[in-house]
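I opened this notebook to record what I looked up in the structure, entry by entry. The order follows my own reading.

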Amino acid sequence: MKNKLSHFAIPYVIWMALFVVAPILIVVIYAFSSASGGFTVANFARMGTYAVVFTRSFKLAIIATIICLLIGYPVSYMMSKEGPRFQRIAMVLIMLPMWMNFLLRTYSWMSILENNGLLNQLFQKIGLIALYNQVFGTDLQYFRLINTQGAVVLGMVYNYLPFMILPIYSVIIKLDRSLIEAAHDLGANTFNVFRRVILPLSLPGVLSGITMVFVPSVSTFAISKMLGGGTEMMLGDLIEQQFLGGAYNPQLGAAISLVMMVIVVVCMWVMNRFGEGEEQAVMM
Amino acid sequence: MSKELIRLRDLCMAFDDEPVLNHIDLYINDKEFLTLLGPSGCGKTTTLRIIGGFATPTSGDVLFDGVRINDVPPYQRQINTVFQKYALFPHLNVYENIAFGLRMQRRPDPNDPTGKRKVKIPEEEINQRVMEMLEVISLKGFEHRKPDALSGGQQQRVAIARALVNRPKVLLLDEPLGALDLKLRKDMQIELKRIQQQVGITFIYVTHDQEEALTMSDTIVVMDKGCIQQIGTPEDIYNEPKNAFVADFIGESNIIDGIMVRDKVVKMYGREFACLDGGFAENEPVDVVIRPEDIDIVPVEQGQLVGTVTNVTFKGMQYDIIVDFRGFKWLIQTTDHSPVGARIGIKIDPDGIHVMKKSQYSGMFGDYSSFSEEYDELDDASLALDEEESGDEE
Amino acid sequence: MKKNNSLLNRLFMVLVFVFLYAPIVLLIVFSFNAGNSNTVWKGFSLDWYAKLLHDRLIMQSVYTTLLVSLLATVIATVAGTFAAIGFYAMRRKLRDPLMTINNIPMMNADIVTGVSLCLFFVAFFGLWSDFASWLNGVQHLVRLPIRLTMGFGTLLIAHICFNIPYVILSVGPKLRQMDKNLVDAAMDLGCTWMQAFRKVILPEIKPGIVSGALTAFTMSIDDFVISYFTAGSSASTLAMTIYGMTKKRVTPEINAISTLLFVTVLVLLAIVNIREARQERRRSAELHRV
């Protein structure tokens, strides 16, 4: 009977061939083609001129991932020690923003960070700006918060923090309680239990979280446009430009996309070595 | 002379208003193998966890070497635990699992004259002690294996080694043999007893298996519903149970309503039996315990009581024979076979009869009626016969 | 193991939650702003809600978003469940590479998925155009449209594409956890494999299906980048509309729709959670009665 059941997957396999494999193959083809249709590696060479964009994207993505880790791990750990009612409510609260749409969430920061936005209004009211002017001898009316790299990082952290919390939390919560008791029994105080038992065993979740934050961060483009003002271009902006923007060059865009895919494959490989496959869909 | 190592004083414990331990008073000696025995929910594991420091009693004291340790966390107690499901660290191999506790220890620096500075145990010593332990549990060569590459019995032994290598004063064992198959369990029982005597420390063992308790223990503490029912050596508990619960929990027993006529004479079924117990009030109602193996089957004329065999089961070592005496079913274990339906007489030596005071457990145990439902019809028929032949029972 | 958390820990968690919700709360608050901005409060008013309902563009994109998300979720859930069952019944050697391919849309950066689908559709439309012209040229029975463009159809396909993996990864584990003997027992008692599927397998994996569907719906509603590349110019999701607006001028109608969206989701989740809590209470009461 099992053999009959495996036929259920055939339609989906066909679908995948059409809509997953074929598109990727097309990207690969474009990446190695020139505008006239011949084979070339010129596209990859051209990427070198955009090295600045690459480093900028990587830099910001790494910073965002680290911040998410610094915030997300402690939150997951603390949540795991709470009672089940708190945990259920906390899970809902963390998931809820994801139902609101990524763009709305990013947009909401625009009005907070604007030059006469809410944060700056707050700083003015409490006299922080005046203080700053005094100390540094400047004459600012506001702090420039929006259209900075910092704002982009903030946007990334805000949007992707739940993706760091959820995998780590779900791994910690499944830890065998008796392991922690055994560690205590053998002489480890709370700090040592964390360092020698909980931390190593939560590593798969951490890797999962890092991947789920780094990949969207390095390839983002809406956040950089909306909060970064579009002046500092990132990889996502670059790709978009090649397809729907001014500089129409799908071959170059495909090449950059291919590089992006390689990054993802590397992340997946690292995760598979140390983690388990299901942590991706670890949502519920 | 063994000195007292642990004392539990008036220990009470409740979970969410549900009482789990009721005024537990117990002392445990050095080098003793003590077993907490009882059915699920009796409080034995809770008691163990309180001693280990994983639970805090609602009231009462836990004394270790005379010092109150209620508020001392587990990692500061000189006690180690073997957990029920072993709790081996999956990310560490066998060597590191065993070495874990040693790596946590700090002791005064021998180079420091003031003795205030603490240092770790040196690596060579850790290595030596771990390898020694591997030898003791016969797992030399397994150092680099991870727990998931070990069988249940091997994981068990690693768990024991991990605890013992720290040289604790007391080892707590929470039903450690539950997951092993029968043959392995019996071998491990002997192993554990040997290790305990070889290492020479106190073992506090929790189990619901009475045979296991009888095999390994110096002292057994029988518990039920959060109270201690009886404390004693295996022989005491078996031969002189204090109430119907203990009598039924340990081994098989027939428990009959009786009346203590006077010292050394007890009356059952209107007939008087000689026994060895005394100290009861005249004509006090009592529970009488008679072990199945202490009953002899004799011809009807020689019997103290006469009944009908309703069920015979071959058990290898002996026959389990259910006999009906006026509606109450007895269990007799004997190597003599009697056919079903036969009228037999029974004879009990005075030292086979043990008398207990009535308790809340009276009437709950000791009747083997459930063994022979299908012969109830036969019973009704033979009951009529019994009435006619009541003259026989004298 | 005590479950005590120091005040400092709790404070930290509260701060994180404040960080997560402050922007949303501000959005909601300013949706009731009488003035035109998100930064200066000019009094309470429901104007923007009224304007929202009359704004054809935004309402159309809300409709599109909901429609595509619901459709994609339903289709993906059904297709994904069957696919998961199919994979479960496969030998490991066949299943592993297929599962890797399955995970690609989930793991890939959104932009790569969007771009690859966009290129695929463009290439397909090119081929179609040639094919249709040729076909129309050689016969007169059937007239095929020559020019196909990206629109709702391609948008829907794209959403289904990245939804199915989430369903599979939700149903898969439940299948693996299922006791294999159950199916054998059903067949032993006379079920055909179709009946066994319906009566035994489906009930066991229902929680996985439900959570998979929820995840798929969440991912669809949340998506921006993939929609951006595959909806063409004729269809527009809410996210795309907002993105277009941010390039020019944004009105607090956005706040109003955000508030409505948030409240709807909140109410839905509250209902689901209350039902779950009530079911749990009923279940534990039954256990205690026994």
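What covers the buried residues of α10(A)? I found that the cover includes α11 (190-218) of chain A together with α1 (44-52) and β6 (79-82) of chain B. I take helices (H or I, at least four residues) and strands (E, at least two) as DSSP runs, numbered from the N terminus. A residue is buried if 20 or more other C-beta atoms lie within 10 Å of its own, exposed if 12 or fewer, and partly exposed in between, with C-beta atoms placed from the backbone.

Before going further I noted the ground rules. This is a predicted model, in which local features need pLDDT of at least 70 and side-chain atom pairs count only at pLDDT 80 or more, while totals for chains, interfaces and linings use all residues. Residues are numbered from 1 along each chain as its sequence is written, and chains are lettered from A and ligands numbered from 1 in the order in which they are written.

Entry on α10(A). I listed the buried residues of this helix, residues 177-185 of chain A, as A:L179, A:E181, A:A182, A:A183, A:H184 and A:D185. After α10(A) comes A:G187, which has a positive phi near 110 degrees.

Entry on chain A as a whole. I counted 14 helices and zero strands, and 46% of its 284 residues are buried. Its C-alpha atoms fill a box of roughly 80 × 70 × 30 Å along the principal axes. Two residues are in contact if their C-beta atoms, placed from the backbone, lie within 7 Å; among contacts in chain A between residues at least 6 apart in sequence, 74% join residues at least 24 apart.

Entry on chains A and C. I looked up their contact, to which chain A gives 76 residues and chain C gives 72 residues. On the side of chain A that touches chain C, helix α2 (residues 10-31) of chain A has the largest share, 13 residues. That side has 52 nonpolar, 15 polar and nine charged residues, where Ala, Val, Leu, Ile, Met, Phe, Trp, Tyr, Cys and Pro count as nonpolar, Asp, Glu, Lys and Arg as charged, and the others, Gly among them, as polar.

Entry on the cores. A nonpolar core is a set of buried Ala, Val, Leu, Ile, Met, Phe, Trp, Tyr and Cys residues joined through C-beta atoms within 7 Å. The largest has 139 residues, and A:L103 and C:V115 are among those with the most contacts inside it. Helix α9 (residues 149-173) of chain A supplies the largest share of this core, 17 residues. Leaving aside neighbours within four places in sequence, A:L103 is in contact with A:A222, C:F224, C:A239, C:I242 and C:Y243. Apart from this core lies another of 102 residues, including B:M13 and B:F273.

Entry on chains A and B. I found 17 residues of chain B in contact with 15 residues of chain A. The most on the side of chain B comes from α2(B), with three residues.

Entry on chain B. Its mean pLDDT (the predictor's confidence in each residue, from 0 to 100) is 87, and 93% of its residues reach 70 or more. I would read residues 381-394 with care, as their pLDDT stays under 50. In the loop between α4 (152-164) and β9 (170-174) of chain B sits B:R167, whose phi is positive, near 50 degrees. I noted B:R167 as partly exposed, with 13 other C-beta atoms within 10 Å.
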